[in-house]
2 protein chains.
Amino acid sequence: MGNRNSEKPSSITILDVAREAGVSYSTVSRVLSGYEFVKEDTRQRVLAAVQDLGYVVNQQARSLAGGKSNVIGLVVPGLDNGYISEIARGIDEEIVRLRYDLLLYTTRRDLHREASYALKLTRGLADGLLLIVPLLTTTYIQTLKQQNFPYVLIDQIDPTNSSSVVDSTNWQGAYDATRYLIELGHTRIGLITGLMGLSSAGERLEGYKAALLDHQISYNPALVVEGDFAQHNGYQATQKLLQLSPLPTAIFASNDLAAMGAVEALRDEGLSVPDEMSVIGFDDIPQASITYPRLTTVRQPLDQMGRIAVRMLVDQIETSQTTPRRVTLSTNLIIRDSCRPMK
Amino acid sequence: MGNRNSEKPSSITILDVAREAGVSYSTVSRVLSGYEFVKEDTRQRVLAAVQDLGYVVNQQARSLAGGKSNVIGLVVPGLDNGYISEIARGIDEEIVRLRYDLLLYTTRRDLHREASYALKLTRGLADGLLLIVPLLTTTYIQTLKQQNFPYVLIDQIDPTNSSSVVDSTNWQGAYDATRYLIELGHTRIGLITGLMGLSSAGERLEGYKAALLDHQISYNPALVVEGDFAQHNGYQATQKLLQLSPLPTAIFASNDLAAMGAVEALRDEGLSVPDEMSVIGFDDIPQASITYPRLTTVRQPLDQMGRIAVRMLVDQIETSQTTPRRVTLSTNLIIRDSCRPMK
DNA sequence: ACCGGCTTTGCAAGCGTTTGCAAAATATTA
DNA sequence: TAATATTTTGCAAACGCTTGCAAAGCCGGT
């Protein structure tokens, strides 16, 4: 018999409350879950008993019986960068507002972990799943889909177009950034791409190409170095770009972290930003505005994305309606101090 | 009758596995929880059935029956700063290693939320609690204590000395920082304190005072401005310090975020760091090494603190031994570019 | 005073596990 | 070979709640 870890003070259950209030336990349950047909007088007595006893509902039992956990699972690659934290902040705010709890899983970009977490969460632990830039190898997303389990992808599109998604105008943002540099007179613009397994990275690359094309600048693959969104990778990528001759006069990094790595590398090489090299980023993470020089970048409304994702997910959960929707928020060029016109 | 949200495909339970494997459900349960007295042959058949059916255990049911959720609750003020994320990263790594799940709550420094979360988590949702810099108004900590519920405080001490705690040598760190500045020849050293409701803030203030005293520099309250660990507060506090005359020649900010705010304010005032003003921080958050100038600071082993806290907590959970322990990790002065000797 | 309908309450079954206990199967010993 | 010890398995109860169903209470209208 499941006898509790004896130390724990025999917890007060709904039965204790029922006894105290002189009603049946079902009535207590109904009061607690806001059922309408309970006499006002009874309701008060129950509430009083709850107060007196300091009763708090046992979520596990509630979920088991009710089939709903009120927990949302969040699967992220890691916590260690402003990009994720910003999205997470938005998610968190909205989740609190909608009275859900947040179960957090980090994958370290490990596909296996991604899949096993996702699976685990579907079995009772969570009512829905939020996936931030998952490494989309459709296998487990497939499973979610089949099980009709609510989930929303953040900043990553599903090539089959059958998942709910929140993202932003990556293509347009990259186009704007590149055009801005072109308008400043730059023509040799280096690009540090993102992790090419992610759709956003591809879209940004395309936006870059399109802007060049529209301005009669021919696309030069030598100016493009593949990155992975990490800061030290931005550093290395920049070192590569610095071996080119002639040098590029501007660098478009596919995210702020990489841009910061670029600035660092340039500083280490004794090149001044923006005087000798313009640098533009993407995301507008909080640090972007406080580094030196303050980073010109393309703003993604990260917290908004998080918030909207939660709303979409909860909507799916509560209406049992899982037809895929896609919301694309628009990006914004934020001009600060890291770019300068060609002399 | 708790009939599931009809869409969800009737989930496979332990009973299905049992039928498939031709054994009783208890046997399946035992195989799954690693009970030793199961014939090897049987075990294999069960495992095979599990594979075939794609069975995944339902955590809710398991916790309800077994009295253990394998979830650890983490209560933090917010996600939006490197300090928390670093600790969280350590926590996360260790939690994964020990096969627990992480339920995350943010309090926004709201006492009421802190308390209600803590309570909620104790009722079945989690097996233990990790509290990062909680606003110690003992009421709910008291409850935890009484219920003998496992918890560990991170970077905050319990004045009554009856909680398990992981922190670092705040006093010594502040002493070292101040002494370093003094040895560089500074005597007018501004201090931006942390949120004084937190023990670390007080300890750092004391360390600062002690270092002055030991070097025959009299403590001047005008040089100390109360802060709250936030970056913009560091900015404002610095503006205040800049109204003093004569000006301080160095500023010790009680954390890196505030130090970064200080650097920003100084830059906005046209004062060069470190040439015209030295700035030293505390924490060594990841950004500290990538800002410009790179920040000299006192390193706290934040991720270590997280990791150790998890170990202490899990130890409490698994041994049902909740006698308070305290682990204090040592800090380290990290010299970078934001301080310079007095000319 | 009686009936029909709505509101309010209680009972019991069930959610998917774990685990004590006892029975069954097997191994060991004299 | 019988008796005993040991390993292996199954049954049933419990974990703390939700909820369908039916009984009970109450109302106004007749």
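**Entry 1: a helix pair in chain B**

I began with α1(B) and α3(B), whose crossing is right-handed (a crossing counts as right-handed if the near helix is turned clockwise from the far one by less than a right angle, and as left-handed if anticlockwise). The model is predicted, and local features need pLDDT of at least 70, side-chain atom pairs count only at pLDDT 80 or more, and totals for chains, interfaces and linings use all residues. Residues are numbered from 1 along each chain as its sequence is written, with chains lettered from A and ligands numbered from 1 in the order in which they are written.

I noted that helix α1 (residues 14-21) of chain B packs on helix α3 (residues 40-53) of chain B at an angle of about 120°, the axes being 9 Å apart. Helices here are DSSP runs of H or I with at least four residues, strands are runs of E with at least two, and both are numbered from the N terminus; axes are lines fitted to C-alpha atoms, for helices over the stretch in contact, and angles run from 0 to 180 degrees between N-to-C directions. The two helices are therefore oblique to each other (under 35 degrees counts as roughly parallel, over 145 as roughly antiparallel, 65 to 115 as roughly perpendicular, and the rest as oblique).

From α1(B) the contact draws on Asp16(B), Val17(B), Glu20(B) and Ala21(B), while the residues from α3(B) include Arg45(B), Val46(B) and Ala49(B). Contact requires C-beta atoms, placed from the backbone, within 7 Å. By class I recorded six nonpolar, no polar and four charged residues.

**Entry 2: chain A against chain B**

I then looked up how the copies are related, and found that chain A can be laid on chain B with an RMSD of 0.1 Å by a turn of 180° and a shift of 0.0 Å along the axis, which is the relation of a two-fold axis. Of the residues of chain A, Leu103(A) comes closest to that rotation axis, at 2.3 Å (C-alpha).

The contact takes 44 residues from chain A and 44 residues from chain B. On the side of chain A that touches chain B, α4(A) gives the most, with seven residues, and the residues of that side divide into 16 nonpolar, 18 polar and 10 charged.

**Entry 3: DNA strand D**

Last, I checked DNA strand D, which 30 residues surround, Thr13(A), Ser29(A), Ala65(A), Ser24(B) and Ser26(B) being the closest. The elements giving two or more residues to this surface are α2 (25-32) and α4 (59-66) of chain A, together with α2 (25-32) and α4 (59-66) of chain B.

How values were computed: Copies are superposed by least squares on the C-alpha atoms of residues with pLDDT of at least 70 in both. A residue is near a molecule or strand if its C-beta atom, placed from the backbone, lies within 6 Å of it. Two residues are in contact if their C-beta atoms, placed from the backbone, lie within 7 Å. Ala, Val, Leu, Ile, Met, Phe, Trp, Tyr, Cys and Pro count as nonpolar, Asp, Glu, Lys and Arg as charged, and the others, Gly among them, as polar.
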